[in-house]
Amino acid sequence: MASKYLRNSVLLIILFIISKEIYSQNNTHIVDKQLSASDYTIDFENYNYKLFTDIFLEKVNSLRKQKKSDFLFVNDILTKIAQDQAEYMSSIGQVTHEQISKDKKTYQLRSIYYGGSKRVDEIVVKVPIKKGKEIYTYKRVADDLLFKIYSNNKKFNQLINFKYNFIGIGSDVDKQGKQLYVSIILGNYNSLNAGADRRNELDVPYTVNQYGLKSLDKKLCKKCDDFKNIYDLQKALYVKDNKIFFSYDKLKDLKKIINQAQDAIAVDIVQKVQYLCNGDNIVDNNLFNRGILLKKVSSKKLYKNFELKKDVELGKMPSIKGDYELNLLLIKENHVCKSINPTYVISSNIAEYQDNLELLADTITTENISNYIPKASSEVLHFKIPFKKNKYIYDKSDIEPFIKSLNIPNFNIDEINLYAYSSIEGSDKGNIILQRKRAKSIVDALNKEGRNNIKIKIKTSYNWEQFKEDIAETKYNFFATKTLQQAREYIKNNNLEDSLESIFSKQRFAKIDMKVTYKIEGKDEKQYVLYKFNQAVKNDSLAEALSIQKYIFKQILSNKYSRDAIEQQEISYTKKTAGLLMNKLWLEIYKNNRKLADSKSDIYKLYELNPSNNYIFFNKTFCDIMFKNLQDKNNVALIQRSIQNLYLSNFPKETIDALNLKFQFKVIKENSEKTIINKSLNNIKNIIDINNIDMKNSLSLSYLFINNKDYDYAIKLLERFIKSNEADENVLFTYISLCSHFEDRISTQSFESALKKASKINKVRYLNLFDGTKLSFQIFQNLKIKQQYKKVVKIN
C-alpha cells in the first residue's frame, strides 16, 4: 500500500510538471484555440474526440520525454483501429480488447482490417467524465486517464516503450454520458503494411505459405531471449554450390534452445530490391518471413548431421537476381521465436577505462587536524662556545659551526644573554680584560648583521664551581677544600698552570642563551617549515605534524619547494607514524618518479606496521590489484573482500568505486574463464552510474561489453550521447552497429538521428555501412532512414 501511495504521489507531481510544460511550450502542435478549449467541460452529445486526442497526446509525449523515450506521432491507420474499438466499447459499456465481429475480433485483426499489420499493441481504459452534477473538463479527463495508466505497470510500460513511434488514440462517451472509453494503439514501421500489395512486382515473390508456423509463445521462447550469442547463429549460414548450409560448432549451446522434436530452424531469403525500391518496401509484415521462406529443418536432422561432422543443408537457393540476405528463423514446437537478421558490430581490443586513480596520501587520519599556515615563532637557544687559551678575537667562522650543530632554520637575534667564564689561573686584572674582550668579540660575531635593537647582557666570572667538580677525581682534589683565592695562590706559587691545563681548558667557555625569531620569508620558509615538522614528530605531536606535512605536500607539488624537502622529513619508523611515512613514500613515488613496482614492498611493510590505517590499506589493495596474479581465484576473492571492507571506511564511495572498477577491468583482462568475466561485468554494472560517465569512458566501457557480447548494456552506455551535438564519430558509428542487433531500435528517432549525424560527419564511412558487409538493408523498414540514405547517395 505504501509503495502504491508513493507511486501515485509521484504521478501527481509528474502530471503537474507536464501541465506546466504543455502550457509553456511555444512549438506545440495544439493551436491556442485548442489549448484554451482544454478547459472546456465535456458535452457528451457533442464530444470532440480530436480535441481530446491532441490534449492527451501532448501529456503522453511530455511523460515519454521525461522517461527518455521518443515522441509518438499520430498515424491514421492506428487511429482508425483505436476509434473503432473505443466506439465499440462505449456501445456495450465494457472495457475489452475484443469484438464480436470475426474480422475485428482482436486488435491484431482490426489492424489488418484497416490496412495495417498484426504487429501492434493496445491499451484499453475507461475514465469518468462527471461526478454527480460536476462535469469534467477535457484536461481533467486526460489527466485522470494518464493517472490510471500510470497506476498499472503493464499499461504504463507499454505507453513509454521506446520501440513505439506511432500512436492511434480513439475515444468515445457511453450512452449515459458518464464514462469515456479509450483505446490506444501503439506501433512502429512494422505495424504498417502498404507494401504487401506490391508482391507481384518481384520477379521471385516472397513466400506466403507459412508451413503451419505459429506466432510467438513467450513462455516457450524465453530461452531464446536468454541465449547470449544468438546473433552468431545467423553468421553460421553460408551458400555453396547454390545450396544454403548451416555450420555451428557450439552444439551444447544450441541444444539449450533447439532441443525438442518439433523444434527447428528455417531460412528466409530477403532480396535487396524489396527495400531499395521507390515507395513502400515490398514486404508483408503479417508474415513470419520477409522474403522467400524455405521449409524448416528439424532438430533431429540438424543434430544427426552434426554428429556426422557435416554441415546441415537447409535448402536450395532460388533463382533470384541481385543482392540478398539470409535471415535465420528459430522455431520451438512450431512457434516462431525469433527471426535473426544479419548484424555487425564495431569492436575494439582497447577497452581501457580512463581514471585518475593512484595511491592515496594520508591527510585526514589523525583527529583534530587543522590547516597549517607558517607563522614566525620565537625560541631561546642554548649553546656553549669554548675559549682557547689567551684567545679573545672571535669571528663568524668561529661561531657558525656551533649554530649549525643546533640544526635550526635561519633566524634573527632578539636578545643575547652571554656568560663568559674563564679558568681560575692568571691575574685578576688580566682575566677580567680577557673575559670582556672574549664576550664582546662573540657578541659582535653573533650580531653579524649589525642590528642595534638586540638586547645584550654580558656577565663574566671565574668558573670556580665547575673547577671543583672537575678536579674532585684527581690527585689535586684538595683544592675543593680551599677558597678561590687560596687555590689561585697555590697554583701560582707551585707553578701548576701547565699541569692543570687539561682541567683549565674545560672551564673556559661562553654560555649563551639567545632568543631568536625564525625567518620565514622567501627561501627561508622551507627550512623553517621542515624544522617545525621534524620538531612536531620528535615531540609526538602527530596531528600538528600531519597538518604541516599537508602544507609541505602542496608546496612540493606546486614546485614552490624543491624535492629535497621530501628527504629532509625526519620520521621515526613506528606504528603511530606509519601514515606520515606513507605520505613521504607517496611523494617519493609521484615527485621523484619512483616506480610503483620498486615501492610496493615498502607499502606492504607499512601495512604490516599499521594494518588499521585505511590509507595504507587502500594503497596495499591498489598494489594487490596491480601486481597480484589475478588468474588465481583466491587472490581475486581476497582483493574483492578488501575492496568491500574499504566501502565501510571513511573514503568517498566514488574513490572506492574507481578502485573497484580498476580491479574488475584487470580481472577481465587477465582471465578467459567466462564465469569469472561475467561476474566482473556484473560488478561493473553495479558500480557505475551510466548518467555520470563521460563520453570517452562510456565508449571504452561499451567496447568491453561488446567484446563480451553484452550488446544490450553496451548500447545503454552510448544512448544518452546520440542526440547530443557533442557525439563524436566513433560513438555514433558504434551505436549504429549495436542497433543492428535490436529490431525494435531500428524504428527509433535515436537511430535515425545517429545515422543522419554520421552521414554529415563522415559520408564515406556512412556509405560504407551499406556495402553489404555491415548494416543489413532491412533497416530500411524505417522509411525515414531509407529516404535519408537515398538523399545522401544522390548528393554523392
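In which helix is C623 found? C623 is found in helix α22, residues 614-627.

The model is predicted; local features need pLDDT of at least 70, side-chain atom pairs count only at pLDDT 80 or more, and totals for chains, interfaces and linings use all residues. Residues are numbered from 1 along each chain as its sequence is written, and side-chain values use heavy atoms, with hydrogens and water left out.

**Figure 1. Overall view of the protein.** The protein contains 31 helices and 18 strands; these are DSSP runs numbered from the N terminus, with helices being H or I of at least four residues and strands E of at least two. The C-alpha trace spans about 150 × 80 × 55 Å along its principal axes. Its radius of gyration is 45 Å, whereas a compact globule of 796 residues would have one near 28 Å; the radius is taken over C-alpha atoms, and the globule rule is 2.2 Å times the number of residues to the power 0.38. Of the 796 residues, 50% are buried (buried: under 20% relative accessible area; exposed: over 50%; partly exposed: in between; 1.4 Å probe, protein chains only).

Figure 2. Leaving aside neighbours within four places in sequence, C623 is in contact with L596, K600, I603, Y604 and K628 (contact: heavy atoms within 4.5 Å). L596 and C623 are 27 residues apart in sequence, and their C-alpha atoms are 8.1 Å apart in space.

Figure 3. L596, S599, I603 and L606 are buried in α21. The buried residues of this helix pack against α20 (578-591) and α22.

**Figure 4. Close-up of helix α18, residues 542-557.** From first C-alpha to last, the 16 residues of α18 reach 22 Å, close to the 22 Å expected at 1.5 Å a residue. The buried residues of α18 include L542, L546, I548, Y551, I552, F553 and I556; Q549 and Q555 are also among them. Their cover includes α17 (524-538), α19 (564-567) and α20. After α18 comes N559, which has a positive phi near 65°.

How values were computed:
The expected span of a helix is 1.5 Å times one less than its number of residues.
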